[in-house]
Amino acid sequence: MRYYSTRNPELRDTFTDAVLNGVAPDGGLYVPESVPRLPRAFFNNIAGMTLQDVCYAVAGYALRDDVDAAVLRRIVNETIYYDMSLVQVDDNKWAMELFHGPTMNFKDTGARFFGRILSYLHSCGGSAGLRELNVVVSTSGNTGSAVANGLLGVPNVHVFVLYPSEVLSPMQEALFTTLGSNVTAIEVNGTIDDCRSLVQQLFADTEIQKKMRFTSATSTNIARLLPHMFHYFWAYACLVRQGVTADNVVVSTPCGNLGNLMAGLVAQKMGLPIKRFVAAENVNHPFVNYLRGGVFEPQYSTPSIAPSLDKGNPRNFERILRFCGGDVEELRKVVSGVVMTDEETEAVIRDVWNSRKYLLDPHSAVAYGALSRDIKDGEVGVALCTEHPVKLRGLVERIIGEPVPLPERVAPLADMAKRVVHVNSGYKSIRNYFLSL
Ligand SMILES: *Cc1c(COP(=O)(O)O)cnc(C)c1O
């Protein structure tokens with residue numbers, strides 16, 4: 001598969017260059033040029049396959065020209081070592097739990113896969129003799145911890161996570177500040193916007209670039225985005241396995257930067273029989289506005305109870321638009337948009353808990369609520385549940401009025417020592433730190 005830039009279809013790169021560059025040299029995002037279709041036999045057999053087998057088949061098809069098959073098998077097995085499970089919540093609605101990884105967030109899959117691909121491409125000489133690749137990422141919580149855990153211990157790769165002080169929950173912070181090894185946590189005395197701006201300045205600093213090679217680990221990077229396809233394929237496999245004749249499947253995705261939705265659209269092009277998607281947004285809904293009115297206007301983001309959806313200018317919008325034929329009519333054929341306010345999302349969490357004893361986190365509840373509103377008779381609905389409800393425990397406890405127990409595996413984090421570098425929000429402070437490394 002070759003990848004072209006959203007800003008210039010003539011600019012094509014290999015998978016290796018696309019991954020190592022992160023963003024195309026002209027500032028656009030890489031879009032797959034043509035997508036291979038999986039054979040019919042794969043779908044006929046899918047109900048009997050393991051999670052690892054399904055993921056390997058999908059990755060193998062998508063990356064068969066670029067990554068050695070045996071290497072890919074190893075990478076898939078090392079990435080997919082935890083479960084993804086489909087739980088029936090209502091007559092026609094299922095919850096796809098994507099939060100059983102180390103940081104209890106769906107980004108774990110993409111981050112781990114990305115780390116291993118990066119290390120492999122690097123060992124093949126893809127980055128021209130430079131000793132180490134440096135992944136720099138800013139985070140308001142989830143991306144940083146998923147990327148740090150996904151890349152922990154990966155040879156020849158160092159991860160720097162920049163985060164704003166006094167914004168993250170203690171658990172979010174502990175998930176990457178206690179790791180050590182090849183992960184450096186940098187606390188910025190400023191806001192998330194300051195962190196983003198510092199990352200951009202580092203990426204543009206030629207003196208530092210001479211010393212270190214940087215790459216991006218957000219969903220702009222296709223190696224982090226493509227593995228999200230696994231979620232959709234496995235949801236389908238689980239449906240078939242549960243005896244649901246699934247040719248009428250609607251998947252609802254909670255949308256922030258639209259990476260997860262983009263992966264679903266690629267999966268569909270690979271032949272996965274998903275009838276349509278619901279793009280579920282909260283008070284920040286530039287994509288739904290586009291679907292409704294055909295005009296894309298970036299907004300300032302407004303804080304909500306589902307902070308990973310608070311994106312006023314979703315990064316993958318231009319990629320989705322290109323991939324789906326470039327206009328709103330084409331997009332409307334496969335995606336419909338639903339907006340959930342915080343009040344509505346809280347009501348969904350309470351209702352589903354009271355009536356079904358199933359606990360949704362706020363991001364997943366946006367997807368589930370949007371699905372409930374949009375599903376038609378005869379359709380089978382899957383809501384992607386992107387985060388474990390314990391991650392926003394205090395909030396969820398307040399909403400349902402009951403305590404939410406902490407899973408055993410996260411409890412010890414609280415006692416581990418944090419290792420953090422402190423910088424202020426001006427560029428000079430972080431620049432000096434990088435120059436001193
Ligand atoms: C990142 C994130 C999302 C949004 O995914 P995008 O790919 O950015 O659209 C949804 N839910 C949770 C919990 C997230 O961390």
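Me: How many residues of domain 1 are in contact with domain 2?

Reply: In this predicted model, 24 residues of domain 1 are in contact with 23 residues of domain 2. Domain 1 is made of 82-105 + 224-400, and domain 2 of 108-222 + 416-435.

Me: What distance separates the centres of domain 1 and domain 2?

Reply: The centres, taken over C-alpha atoms, are separated by 27 Å.

Me: Next, the ligand. Which residues are the closest to it?

Reply: Start with the shell of residues around the ligand. There are 16 of them, and the closest are K107, G256, N257, L258 and T386. Then sort the shell by class: five residues are nonpolar, nine are polar and two are charged.

Me: How do I read burial? Is M49 buried or exposed?

Reply: Compare the relative accessible area with the cut-off: under 20% is buried and over 50% is exposed. M49 has 16% relative accessibility, so M49 counts as buried. M49 lies in the loop between α2 (40-45) and α3 (51-63).

Me: Which residues are in contact with M49, leaving aside its neighbours within four places in sequence?

Reply: They are F42, V54, A57, W234 and R241. Sequence separation and distance in space are read separately. M49 and R241 are 192 residues apart in sequence, and their C-alpha atoms are 9.6 Å apart.

Me: What is the relative accessibility of E97, and where does E97 lie?

Reply: E97 is in strand β5 (residues 93-97). Its relative accessibility is 10%, so E97 counts as buried. The side chains of E97 and H100 are joined by a polar contact of 2.8 Å. Leaving aside neighbours within four places in sequence, E97 is in contact with M84, S85, V87, Y358 and C385.

Me: How should I read a positive phi?

Reply: Most residues other than glycine have a negative phi. M104 has a positive phi, near 60°, and is not a glycine. M104 sits in the loop between β5 and α5 (107-123), and is buried, with a relative accessible area of 0%.

Me: What is the phi of S181, and is S181 buried or exposed?

Reply: S181 is not a glycine, yet has a positive phi of about 55°. It lies in the loop between α7 (170-177) and β8 (183-189). With 58% relative accessibility, S181 counts as exposed.

Me: Last, a helix. Which residues of α13 are buried, and what do they pack against?

Reply: List the buried residues, then their partners. In helix α13 (residues 286-293) the buried residues are P286, F287, V288, Y290 and L291. They pack against α12 (259-269), β11 (274-281), α14 (317-323), α15 (328-334) and β12 (335-339). Just after α13 comes G294, with a positive phi of about 80°.

Technical notes: Residues numbered from 1 in each chain as written. Predicted model: local features only at pLDDT ≥ 70, side-chain atom pairs only at ≥ 80, totals over all residues. Heavy atoms only, no water. Near = heavy atom within 4 Å. Nonpolar A, V, L, I, M, F, W, Y, C, P; charged D, E, K, R; others polar. Helix = DSSP H or I, 4+ residues; strand = E, 2+ residues; numbered from the N terminus. Buried < 20%, exposed > 50% of the residue type's maximum accessible area, 1.4 Å probe, protein only. Contact = heavy atoms within 4.5 Å. Polar contact = N/O pair within 3.5 Å; in protein donor to acceptor, adjacent residues only side chain to side chain. Domains from an automatic or database assignment.
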